[in-house]
Structure formats: C-alpha cells, structure tokens
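Please look over the sequence and the structure below.

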Amino acid sequence: MQLTVTKQSVLILRVMLSGIFLVAGANHLLHVDQTVARMDRANLRNFALYFGEPDALVIISGIVMLGAGLTFMSGYLTRYAAAVLLLVLIPITITVQVGQATTLGPLFKNVAIAGGLLFFILNSFTPSKPTHETTDARTSRPHPDHLIHS
C-alpha cells in the first residue's frame, strides 16, 4: 500500500494538535486550584495519587505539556515530544475522563488526540537509511516504503 502525505498536511496536523496541549498546560499552571478540584471530583481520582500529590502533579503536567507542546509544534524531536505528550495524556484521561458517564465526549476527544500523537510516534518524517528505502521513479530519490511526500 502506498500512502501520499503532503508536508503541508503534516504541518497543519502537528500545529493544530499541539494547541490542545499548549492551552491545557497554561490552564494547569494558571488555575492549579481549579484543576486539582476537578481531579478531586473524578471517580478515579485515587489513580492520580499513585503518581504524587495533586498540586505537584498539576504543576508538573502543566510544565511538561507546555514544553513538549512547543517542541512538538516546532517540529523539533517530533516523535519524542509526541511520546511525552501521550505519556501525560494517558493518566489524565484515566483519572478525569474514564468512569465519568457524563463525559464520554471529552473521553473520545482524548482518544482522538492520542491517535494523532500515535501518528507522529509511528511515522518518520525524516529521511530513512538507504537500506530501508526504495526509489521514487518520479524523482529518482529514495523514499520510505510506507510514506511518500509530495
């Protein structure tokens, strides 16, 4: 199977996907008490306590979301930034969204965001080593077998 993905579409996806982490990270840092209160109301709030004190978790996750979100948006170390953001998203989703029957929309929003992050984790947008590539007949340049940029 051959997949054609334009550089512009990847850029748009990356920038738009990073926005949620920049906003959430800023909100965590600007509204620590409200974010902790939201955690306290969650059915699975005890899950978060395995990782530390709620105030510290909110501040640390805010800093990580801002830092990794900016890195992800810039396209620098994209795969690693996406992995870090996914590692932050999973416990937040479990703590706040899972077990809340009234929040299925936000739960599946987080599932969709995780899918977007996985797209960047699983795909490389930098040239691969020649041993794993074939040649694009249109340009006579090597390209990864699973991804063609046009």
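Ala, Val, Leu, Ile, Met, Phe, Trp, Tyr, Cys and Pro count here as nonpolar, Asp, Glu, Lys and Arg as charged, and the others, Gly among them, as polar. By these classes, the lining of the largest pocket holds 19 nonpolar, 9 polar and 2 charged residues. This is a predicted model, in which local features need pLDDT of at least 70 and side-chain atom pairs count only at pLDDT 80 or more, while totals for chains, interfaces and linings use all residues. Residues are numbered from 1 along each chain as its sequence is written, and side-chain values use heavy atoms, with hydrogens and water left out.

A pocket is an open set of points on a 1 Å grid over the protein atoms alone, where a 1.4 Å probe fits, with protein on both sides within 12 Å along at least five of seven lines; lining residues have an atom within 4 Å of a point. The largest pocket is lined by 30 residues, and H28, S61, M65, V88 and I92 lie nearest its centre. Helices are DSSP runs (H or I, at least four residues) numbered from the N terminus. Among those that each supply at least two lining residues are α1 (7-30) and α4 (54-74). The helix that gives the most is α5, with 8 residues.

The UniProt annotation "transmembrane region", from an unreviewed entry, covers residues 12-30, 80-101 and 107-125. Such annotations may be inferred rather than shown by experiment. Over residues 12-30 the chain is 100% helix, with end C-alpha atoms 27 Å apart. Over residues 107-125 the chain is 84% helix, and the end C-alpha atoms are 29 Å apart.
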